[in-house]
Amino acid sequence: MKLYIDVLVITHALISLIYLQCISRIVHQKIPALREAAACAFGGAGSLIAMIHTNSFGGALGVTLGKLAVISAVIIAAYLPENFSAFIKRLFLYGLMEVIFGGCCFMLINLTHSRIMYMRNYVMYFDISLLDIGICSAMLYVMIVIYETVQRRKAAAHKKYRARYTLGRYEITLPAIADTGNCLSDSFTGQPVVIFRSDDMYRQYELDIPERMSFYGFHPIPYNTVGGEGLVYVTSKGEVTISCGKSMKRVLCCVGIIASGERSQCAVFNPCLLT
């Protein structure tokens with residue numbers, strides 16, 4: 001059997017890209033282009049593990065652990081998880097993408113009656129074309145998009161939300177608006193931004209004084225939501241909890257603050273954060 005290394009590496013890099021895009025839609029975290037390229041490079045290079053041949057269970061176990069190490073490197077390079085729990089969640093989602101993708105491939109294999117190529121390291125390899133791989137990747141991505149859309153519409157069906165921001169001893173709760181147009185994400189962390197329109201918060205962190213703004217860890221980025229457009233001061237510090245009735249969820253996000261002026265105080269978030 002001939003195995004072309006360039007095709008193998010490029011194909012696995014592209015599949016890694018599809019997985020990362022799907023995971024990003026689920027966890028609502030954008031990946032900077034350079035980190036995404038590095039993660040895909042790890043995924044492509046990791047495919048070379050398939051060329052290792054061993055006849056023992058211990059060797060096969062070592063190959064499996066090597067694959068797990070490659071996946072871990074892909075997750076770390078792409079998302080830079082802030083804690084072990086976030087890393088495990090993304091690792092689980094990557095494994096879930098593998099299972100769904102493998103299921104799609106197995107379905108196509110049965111439909112097209114492809115033959116088994118060979119067994120190696122206790123792993124079965126199938127004869128599947130690049131076209132079939134592309135179809136499976138598209139099916140995987142469409143499934144995730146449908147899931148996200150259903151969850152977003154389900155979350156947006158509720159109308160009365162409240163958002164609580166907590167940092168140290170400071171805490172404030174405001175009425176919240178679910179706005180699918182709020183696609184703002186922090187350029188440093190890739191996390192979505194919940195915008196708090198509040199004079200109290202603006203004065204609390206002295207955002208009208210540039211020196212104090214940087215002291216509290218804020219940086220300005222442009223925004224555009226139902227409430228208007230301009231500059232919002234964003235920080236990754238603190239916790240945001242969104243509630244609706246008895247349901248309550250702490251969301252992984254950054255916080256953006258703008259002055260409310262004569263307008264009512266409120267928070268604006270994307271309902272995807274509730275999925």
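A residue is termed buried when its relative accessible area is under 20%, exposed when that area is over 50%, and partly exposed in between, with a 1.4 Å probe and protein chains only. By this criterion, 41% of the 275 residues of the protein are buried. The structure is a predicted model, in which local features need pLDDT of at least 70 and side-chain atom pairs count only at pLDDT 80 or more, while totals for chains, interfaces and linings use all residues. Residues are numbered from 1 along each chain as its sequence is written, and side-chain values use heavy atoms, with hydrogens and water left out.

Helices (H or I, at least four residues) and strands (E, at least two) are taken as DSSP runs numbered from the N terminus; the protein has 7 helices and 11 strands. A contact requires heavy atoms within 4.5 Å. Among contacts between residues at least 6 apart in sequence, 69% join residues at least 24 apart.

The span of each helix was compared with an expected value, defined as 1.5 Å times one less than its number of residues. Helix H1 has 23 residues and spans 33 Å from its first C-alpha to its last, close to the expected 33 Å. Its buried residues include Leu 8, Thr 11, Ile 15, Tyr 19, Cys 22 and Ile 26. An α-helix has 3.6 residues a turn, so residues three or four places apart point the same way. H1 is followed by His 28, which has a positive phi near 60°. Helix H2 (residues 33-46) has 14 residues and a span of 20 Å, close to the 20 Å expected. In H2 the buried positions are Arg 35, Glu 36, Ala 39, Cys 40, Gly 43, Gly 44 and Gly 46, and their cover includes H1 and helix H3 (57-79).

Leu 80, in the loop between H3 and H4, has a positive phi of about 45° although it is not a glycine. Helix H4 (residues 84-112) comprises 29 residues and reaches 42 Å between its first and last C-alpha, close to the expected 42 Å. The N-terminal end of H4 is capped by Asn 83, with a side-chain oxygen 3.2 Å from the backbone nitrogen of Ser 85. Among the buried residues of H4 are Phe 87, Leu 91, Tyr 94, Phe 101, Cys 104 and Cys 105.

A pocket is computed on a 1 Å grid over the protein atoms alone, as an open set of points where a 1.4 Å probe fits, with protein on both sides within 12 Å along at least five of seven lines; lining residues have an atom within 4 Å of a point. Grid points are joined across faces, edges and corners, and a volume is the space filled by probe spheres set on the points. The second largest pocket holds about 660 Å³ of space. It is lined by 29 residues, of which Glu 82, Gln 191, Val 251, Leu 252 and Cys 253 are the closest to its centre. Two or more lining residues come from each of helix H1 (5-27), H4, strand E8 (239-244) and strand E9 (247-251). H4 gives the largest share, 4 residues.

With a disulfide defined as a pair of cysteine sulfur atoms within 2.5 Å, the count is 0. Cys 254 is in no disulfide, and the nearest cysteine sulfur, that of Cys 253, is 7.0 Å away. Cys 254 is buried, at 0% relative accessibility.

Thr 235, in strand E7 (residues 228-235), is buried with a relative accessible area of 1%. Beyond four places in sequence, Thr 235 touches Tyr 165, Tyr 216, Gly 217, Phe 218, Cys 254 and Val 255. Its side chain also reaches the backbone nitrogen of Lys 237 at 3.2 Å, a polar contact being a pair of N or O atoms within 3.5 Å in which, within protein, one must be able to donate a hydrogen and the other to accept it, and residues adjacent in sequence count only if both atoms are side-chain atoms.

Ile 257 lies in strand E10 (residues 254-258) and is buried, with a relative accessible area of 0%. The contacts of Ile 257 beyond four places in sequence include Phe 196, Met 201, Tyr 205, Phe 218 and Val 232. Ile 257 and Asp 199 are 58 residues apart in sequence, with 8.8 Å between their C-alpha atoms. Glu 206, in the loop between helix H6 (199-204) and helix H7 (210-215), is partly exposed at 26% and has a positive phi near 50°.
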